[in-house]
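Here are my notes on the model you sent over, in the order I went through it. Have the viewer open while you read.

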Amino acid sequence: MAAEMALVKPITKFSSSTPRIGTSRVPSTRFFTIKMSSSTVAKKKSQKQEIKETLLTPRFYTTDFDEMEQLFNTQINKNLNMDEFEALLQEFKTDFNQTHFVRNKEFKEAADKIEGPLRQIFVEFLERSCTAEFSGFLLYKELGRRLKKTNPVVAEIFSLMSRDEARHAGFLNKGLSDFNLALDLGFLTKARKYTFFKPKFIFYATYLSEKIGYWRYITIYRHLKENPEYQCYPIFKYFENWCQDENRHGDFFSALMKAQPQFLNDWKAKLWARFFCLSVYVTMYLNDCQRTAFYEGIGLDTKEFDMHVIIETNRTTARIFPAVLDVENPEFKRKLDRMVEINEQLLAVGESDDIPLVKNLKRIPLIASLASELLAAYLMKPIESGSMDFAEFEPQVVY
């Protein structure tokens, strides 16, 4: 997905007390195709491994395509700045990363050196990332198809963004082949459940997803450039250019929201903006804190990394959203850490040997506590931000 700017210097130091990568090779094994449904990952010869479908799992999205067509109908919507969209289209057509995603023998050699728990967490990273990118591909592809008659320029941009997402998903899936695995993306398209979002919610959520993707990728890239001893797998070397795709996608969604002032200029927009900021930030924080081995494996302190990404994403988002969370208030991080503790307790309950009834009874107070922390974080005094007095669009690549 996309991303935009580099206003403040990234984190320059991370925890260095982390596990190192093994040097011995892992014996080659059979190649498995993974078919991810909402409940299982099926491997050949019935070797199955359950996927825990939770609110934190990457999802596929759909929307009201008829409403989308109305929003981008130039006869109905006079706020559409087609000059801006034309400029964006030309940038997408340039396709800066057309020849960027080319693999070499380093990939397989590096994968064979990753051992133990880190190997499994690396596979999970590739699976989740591939699923998220493929989700974007499906949504953008359908929007490109549905808007072709209503607004050919916007439709073509969506189609070109689906090109980017497909390229990312394919690159990640090839990475899985280094670990003798592959996602069955055709099966995934049919078997995955789709979550419905109204168009304005698609705009909020996707903008944030693209921007936070930018900050994650560029921060990891810069960290590994300064600390090459943690460069355990060559996919990270591609993140500098990769994140610019995320950046361009985010810029496009920023332009879409600017063309729909009703999504930005009233009290309801402020409430929804804060809600989606909180949802995206909390989801990332809880997800990553369940996977500290991955971040430690590349020399990062998980919570420090996440807070840097959240703060930078929030500063970026404040350029367009009418209100954002005060994530630099120390109380916000304290609440996030409390949510991590509660989530860990919920996971422990789920993995216990108790009968389902007992598990559900144990979950009730924990879910109530988590909801209370979420509400308290949401109700913290927000930062008024954004402006409908937008500067003239100027496409730019930011590193």
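1. Start with Asp-95, in the loop between α2 (82-94) and α3 (106-113). Its phi is near 55 degrees, a positive value in a residue other than glycine. Is Asp-95 buried or exposed? With a relative accessible area of 11%, Asp-95 is buried, because the cut-off for that label is under 20%. Bear in mind that this is a predicted model.

2. You'll find Asn-180 in the loop between α5 and β5 (181-183). Asn-180 isn't a glycine, yet its phi is positive, at about 65 degrees. Its relative accessible area is 10%, so Asn-180 counts as buried.

3. Now the chain as a whole. There are 13 helices and 8 strands, and 51% of the 399 residues count as buried. Take the contacts with a separation of 6 or more: residues 24 or more positions apart account for 84% of them. The chain exposes about 18600 Å², and carbon and sulfur atoms supply 53% of that area.

4. On to the inside. In soluble globular proteins, nonpolar side chains tend to be buried together. Here the largest nonpolar core has 115 residues, and the ones with the most contacts inside it are Phe-85, Tyr-233, Phe-236 and Phe-252. Which helix gives the largest share of this core? That's helix α7 (residues 199-226), with 15 residues.

5. Leaving out neighbours within four places in sequence, Phe-85 is in contact with Leu-80, Val-153, Val-154, Ile-157, Phe-252, Ala-255, Leu-256 and Ala-259. Phe-252 turns up in that set, and Phe-252 is also listed with Phe-85 among the residues with the most contacts inside the core.

6. Aromatic rings next. The count comes to 47 aromatic pairs. One of them is Phe-158 with Phe-253, an edge-to-face pair at 6.1 Å centre to centre, with 70 degrees between the planes. The pair gets the edge-to-face label because its 70 degrees is over the 60 needed. It links distant parts of the chain: Phe-158 sits in helix α5 (residues 152-177) and Phe-253 in helix α8 (residues 239-258), 95 residues apart. Both Phe-158 and Phe-253 are buried.

7. Tyr-281 is in helix α9 (residues 267-289), and its relative accessibility is 0%, so Tyr-281 counts as buried. What does Tyr-281 touch, not counting residues up to four places away in sequence? Its contacts are Leu-208, Ile-212, Ile-310, Thr-313, Asn-314, Thr-317, Leu-325, Val-327 and Phe-332. For a sense of spacing, Tyr-281 and Ile-311 are 30 residues apart in sequence, and their C-alpha atoms are 9.6 Å apart in space.

8. Last, the surface. Which residues make the nonpolar patch of about 480 Å²? Ile-355, Leu-357, Val-358, Leu-361 and Ile-364 do. Leu-357 belongs to helix α13 (residues 356-378). At 56% relative accessibility, Leu-357 counts as exposed, because the cut-off for exposed is over 50%.

Terms used:
Residues are numbered from 1 along each chain as its sequence is written. This is a predicted model: local features need pLDDT of at least 70, side-chain atom pairs count only at pLDDT 80 or more; totals for chains, interfaces and linings use all residues. Side-chain values use heavy atoms; hydrogens and water are left out. Patches are made of residues with over 30% relative accessible area and no salt bridge: like charges are joined within 9 Å, nonpolar side chains (Val, Leu, Ile, Met, Phe, Trp, Tyr) within 5 Å. Accessible areas come from the Shrake-Rupley method with a 1.4 Å probe; for residues, only the protein chains shown count as cover. A salt bridge is a side-chain nitrogen of Lys or Arg within 4 Å of a carboxyl oxygen of Asp or Glu. Helices (H or I, at least four residues) and strands (E, at least two) are DSSP runs, numbered from the N terminus. Buried means under 20% relative accessible area, exposed over 50%, partly exposed in between (1.4 Å probe, protein chains only). Contact means heavy atoms within 4.5 Å. A nonpolar core is a set of buried Ala, Val, Leu, Ile, Met, Phe, Trp, Tyr and Cys residues joined through side-chain atoms within 4.5 Å. Rings of Phe, Tyr and Trp (its six-membered ring) pair if their centres lie within 6.5 Å; planes under 30 degrees apart count as stacked, over 60 as edge-to-face and the rest as tilted.
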